[in-house]
Amino acid sequence: MKLGLHTYSLNLHGIGQAWAGFTCPWSRQLSTFQLFELLVDLDLEGAHLDDGVLEHLDAGFLQEVGAAAREAGLYLEYNFSMDRGGFGIGIQHDLNAAVQTAGHLGADIVKVGMELRRPRPVAASRFHPAVIEQMEKVAELLTAAAPQAADGGIRLAVENHCDTFSEEILWLLDRVDSPVVGACIDTVNGLHVTEDPMAAIERLAPRAFTNHFRDDRIEFQRWGFKLVGAAVGEGDIDMRRAYELFRDRSTMDRINIETELETPLDDMRRALEMEIDAIRRSVIYCREVLGIRRFGS
C-alpha cells in the first residue's frame, strides 16, 4: 500500500479544513507547494488534500498543483464537505464543483463529508426519520454527480464523519447503487456517534475507497473523560486490526495517516513541532510496526 497524509494533520500550520469553530491563532505557515516538499521529507507518498490547503480554486492554479504533486511522485485525493448541517465546515460545498476541482488536480477520489444534524440522544438516533430525510437528499446529489465523476475517472467516498453510523453509510450506498460511490472510513469517528469504531471499520471496509487512518486516546477526567488525538499506534484504537481489515477486506491500496493533537496555542513553534513529530511517529509505526513499505518495494 501507499502511505499518505490527510492534510488536516497540519491544521495548526494553517492549512486544515475549517472545523468545530476553531480559528488558527497565527497566519498560514505552509504553501501548497511547501506541503508537498514536507510530505516527501516525511517519507510519504500522497496527500488527502483538504480544500483549506488550496490558496484558491482557479482551474489554472489547481492544474499547477496537480502537476507539482505528480512531479513529486505524490497521489492526490480531494477532501471536501457538503456541510448539509450548516456548521461552517470547509470552503467548497457543491458536489459537482468538487468533482471539477478534483479533475483539475488530477485527484482520483473525492471524499464527501455530509455533516448531518442528529437529534439527541445520539445513541438512540440510528436511522432517525430526521436523519433519513437528510440522507435522502444527499443520495439524490450523489446519484446526479456519479456520471460526471465516472467520466473523469473519479470515485466519490462518503465519510462516516462525526454525524453518521456505519449502517447508515451502507444504506446510503445501497440507495445510490453506483460503482463510483463508496465509503471513506475514519478509524475513530464511530466513537462520535457512540458506535464501536472497530465494528464500523469492519462493516465499511468492503465498500471503502479511502480512509483516514487515525488513532485517539481516552483520558479520564474527574467530570468524565475526553477523547484526545494521538500519533498512530499511541492511542486506544486497534490500529493493527484496522490495517488488517483494510488490507484483507477492501480494495484500498492507500493509507492516509491523520493526527490531531491538543497543543499549546500560546507557543506557535512548540505547536508546529508537536504536529510534525506526531506525523513522524505515525509514519514510523506504519512502516516499522505494520510493515507498510513504500509502494513497489
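Student: Where is D83 found?

Tutor: D83 is in the loop between β3 and α3. Helices (H or I, at least four residues) and strands (E, at least two) are DSSP runs, numbered from the N terminus. Before we go on: this is a predicted model, where local features need pLDDT of at least 70 and side-chain atom pairs count only at pLDDT 80 or more, while totals for chains, interfaces and linings use all residues. Residues are numbered from 1 along each chain as its sequence is written, and side-chain values use heavy atoms, with hydrogens and water left out.

Student: How do you know whether D83 is buried or exposed?

Tutor: Set its value against the cut-offs: buried is under 20% relative accessible area, exposed is over 50%, and partly exposed is in between (1.4 Å probe, protein chains only). D83 has a relative accessible area of 10%, so it counts as buried. Its phi is near 50 degrees, a positive value in a residue other than glycine.

Student: What about A20, buried or exposed?

Tutor: A20 is at 65% relative accessibility, over the 50% mark, so it counts as exposed. This residue belongs to the loop between β1 (2-6) and α1. Phi of A20 is positive too, near 60 degrees, and again the residue is not a glycine.

Student: Where does G90 lie, and what does G90 touch?

Tutor: G90 is in the loop between β3 (75-81) and α3. At 15% relative accessible area, G90 is buried. Contact means heavy atoms within 4.5 Å, and leaving aside residues up to four places away in sequence, G90 touches Q17, A18 and D51. G90 and G16 are 74 residues apart along the chain, with their C-alpha atoms separated by 8.7 Å.

Student: Why is F36 called buried?

Tutor: F36 has a relative accessible area of 3%, which is under 20%, so the label buried applies. F36 is in helix α1 (residues 32-41). Not counting residues up to four places away in sequence, F36 touches L49, V65, A68, A69, L74 and L76.

Student: And what does I154 touch?

Tutor: Its contacts, not counting residues up to four places away in sequence, include V99, A102, G103, I109, V110 and V180. I154 is in the loop between α4 and β5, and at 3% relative accessibility I154 counts as buried.

Student: What makes α2 oblique to α3?

Tutor: The axes of helix α2 (residues 59-71) and helix α3 (residues 95-105) come within 7 Å and cross at roughly 50 degrees. That value makes α2 oblique to α3. Angles under 35 degrees count as roughly parallel, over 145 as roughly antiparallel, 65 to 115 as roughly perpendicular, and the rest as oblique. The axes are lines fitted to C-alpha atoms, for helices over the stretch in contact, with angles running from 0 to 180 degrees between N-to-C directions.

Student: Which residues of α2 and α3 meet?

Tutor: A59, L62, Q63, V65, G66 and R70 in α2 meet T101, H104 and L105 in α3.

Student: How many aromatic pairs are there, and why is the pair of F213 and F246 called what it is?

Tutor: A search of the whole structure finds three aromatic pairs. Rings of Phe, Tyr and Trp (its six-membered ring) pair if their centres lie within 6.5 Å; planes under 30 degrees apart count as stacked, over 60 as edge-to-face, and the rest as tilted. F213 and F246 have ring centres 5.9 Å apart and planes at 55 degrees, so this pair is tilted. F213 is in strand β7 (residues 208-221) and F246 in helix α7 (residues 239-249), so the pair ties together parts that are 33 residues apart in sequence. F213 and F246 are buried.

Student: What makes Y78 and F80 a stacked pair?

Tutor: The angle between their planes is 5 degrees, and the rings are 6.5 Å centre to centre. Y78 and F80 are buried as well.

Student: How do you know that R155 sits over the ring of F209?

Tutor: The test is NZ of Lys or CZ of Arg within 6 Å of the ring centre and within 35 degrees of the ring normal. The charged end of R155 is 4.3 Å from the centre of the F209 ring. R254 lies over the face of Y75, at 4.3 Å from the ring centre.
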